[in-house]
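Please open the structure in a viewer and keep the selection tool at hand.

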Amino acid sequence: MSAGVRITRDGVVAHTFHCGPLELTLHAPNSGLYDKVAETLYLYDFPWDSPYRPLDIWAQTSNVLEPPARGDFLRCARMLVDKTAQGLRATTISGARAIGTLEDTGERWDIFVPDSLVEEGRLEEIEDILSLVLTTGWRRGGWTPIHAAAVVKDGTCVIFCASTGGGKTTMTAAFVRRGWQVLGDDKLLLRVQEREPQVAALLHTFNLHPQTRDWFPEVGDLEQLPRYSVWTEKRKVSISSIWSHAPVHRARPSVLVSLRRDNLDVLIRPLEQPDVFATLLRQTVIPNDPVTARQIIADVAGAAEKTRGLQVDVPADAYRDPRILDALEEAIRRNP
Amino acid sequence: VQAIKLQQRYVFRPDVVVTLLDGGAVLLDLESKFFYRLNPSGWAIAQLFESGASIAEVRDRCTQLGAQTSDTQAINKLLQALSQDHLIQPVDDHGDLIDAPQPVSTGPWTPPTIERQAEPLQRVIISAFDPSVPLVE
């Protein structure tokens, strides 16, 4: 844990994190709840190279029952979010809730979690709430979160798009082993300024499946590490602990690769620009709010306009075969 | 044009978001989660609904842009698509019109097209960061 923890007389811990363009201060009782929120925020905690937006989170336990949100802003598997006069209101399926007060100069979020969830360690829904807090803050700071990976080498930045479990992390790791640097394997920020798109790193970890060792022995025995969520076998691993050359913070995207697993053959074909746009759009969350949606779509359209696209079908075991990766690198580097 | 009246004025529904792309535009319907691609001439027509326009005004505009009689079917098809998928809605003649910029030229006239993406964006997603379909838990 980085420096800066303060404990007040009433036992509330205050700690500041830097999560992308947000300077986020967490206030919570010194308990399992604080640990869980801090653990999630710590994953995003590294310096950003431009001014921060302030954001405060006040987290506490509460057994007060409130009616569930309708989901008119966002509908997630375990969380519904409504727009309110002050900002946003979210509820989760197990009774946690959050109230976001959004102002021009920053945001405040009050998070309430039932005692039972804290006592039983069932805190996955806190991750859902924090995901809402962070993505809202990043968008209000002018960035669009995208669920994609990105690597860069010699001025060529490739965004890998695929659905969850579609091979983004493995392909990213395969490229890193070939000397590419990485912005992230799963989460990035995107913006367009003066018609130039830019992607920025958010995390300094990879989400690696223990099976990755079959292809890349240097990752070691990941079974020894704790699973980061009950919903996945994957483990969070520090990128620089395995590939010290790899982390990079910003790049201008030039190629988008839409990855699809295929059991048979490798297929690499160009994507038309509208398909690049559609692919990237499917990697972003678009809330049911026209103002928010407009900014997201403008960023995606601006990036798509400057990005060449490739559709790549790869067999599950493609990462063993350097010829496949050679062919993909050649297609990426080829001029349009 | 079926289901829409010639002199009635229409505007885009408030939850239809428009973005310019590649000379044309993309419309995203936040309610249905479908998005639509318009070619430049399609956008030249559809942009009239940002401020409000009647079908008669749209047809006049098409003629100004260079549409021929042979384009009538393509124009009607586009208007029908906008109407059938409820991307546009009737507007009160005495109000509700939006003060929008004048329509801009979108290049040489070609038959207008509108293409709806086969699959809508997900209505329910994994998390506020991950737009994938939730796994069964």
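Select A:Thr144 and look across to strand 14 of chain A, where its bridge partner is A:Leu190. Strands here are DSSP runs of E with at least two residues, helices are DSSP runs of H or I with at least four residues, and both are numbered from the N terminus. This is a predicted model, in which local features need pLDDT of at least 70 and side-chain atom pairs count only at pLDDT 80 or more, while totals for chains, interfaces and linings use all residues. Residues are numbered from 1 along each chain as its sequence is written, chains are lettered from A and ligands numbered from 1 in the order in which they are written, and side-chain values use heavy atoms, with hydrogens and water left out.

Two strands are said to pair if DSSP finds at least two bridges between them. Both strands belong to an open, antiparallel sheet of 4 strands in chain A, with the order 10-14-15-18. At its edges are strand 10 (144–146) and strand 18 (250–251) of chain A, each of which pairs on one side only.

**Second stop: strand 11 of chain A**

Next, select residues 149–153, strand 11 of chain A, in which 4 of 5 residues are buried. Buried means under 20% relative accessible area, exposed means over 50%, and partly exposed lies in between (1.4 Å probe, protein chains only).

Within strand 12 of chain A, A:Thr156 is the bridge partner of A:Lys153. The hairpin of these two strands has 2 residues between them, and A:Asp154 takes a positive phi near 50 degrees there.

In strand 13 of chain A, A:Val182 is the bridge partner of A:Val151.

Move to strand 4 of chain A (residues 53–61), where A:Ala59 is found. Is A:Ala59 buried or exposed? Its relative accessibility is 4%, so A:Ala59 counts as buried. Leaving aside residues up to four places away in sequence, A:Ala59 touches A:Leu26, A:His27, A:Ala28, A:Pro29, A:Leu33 and A:Ile111; contact means heavy atoms within 4.5 Å. A:Pro29 is 30 residues from A:Ala59 along the chain, and their C-alpha atoms are separated by 7.6 Å.

Select strand 1 of chain B (residues 9–12), which 3 bridges join to the antiparallel strand 6 of chain B. B:Val11 has B:Gln89, in strand 6 of chain B, as its bridge partner. The open antiparallel sheet here has 3 strands of chain B in the order 5-1-6. Strand 5 (53–54) and strand 6 (88–90) of chain B each have a single partner strand, so one side of each is left without a neighbour in the sheet.

**Last stop: chain A as a whole**

Finally, select chain A, which contains 8 helices and 21 strands. Its C-alpha atoms fill a box of roughly 60 × 45 × 35 Å, taken along the principal axes. Of the 336 residues in chain A, 57% are buried.
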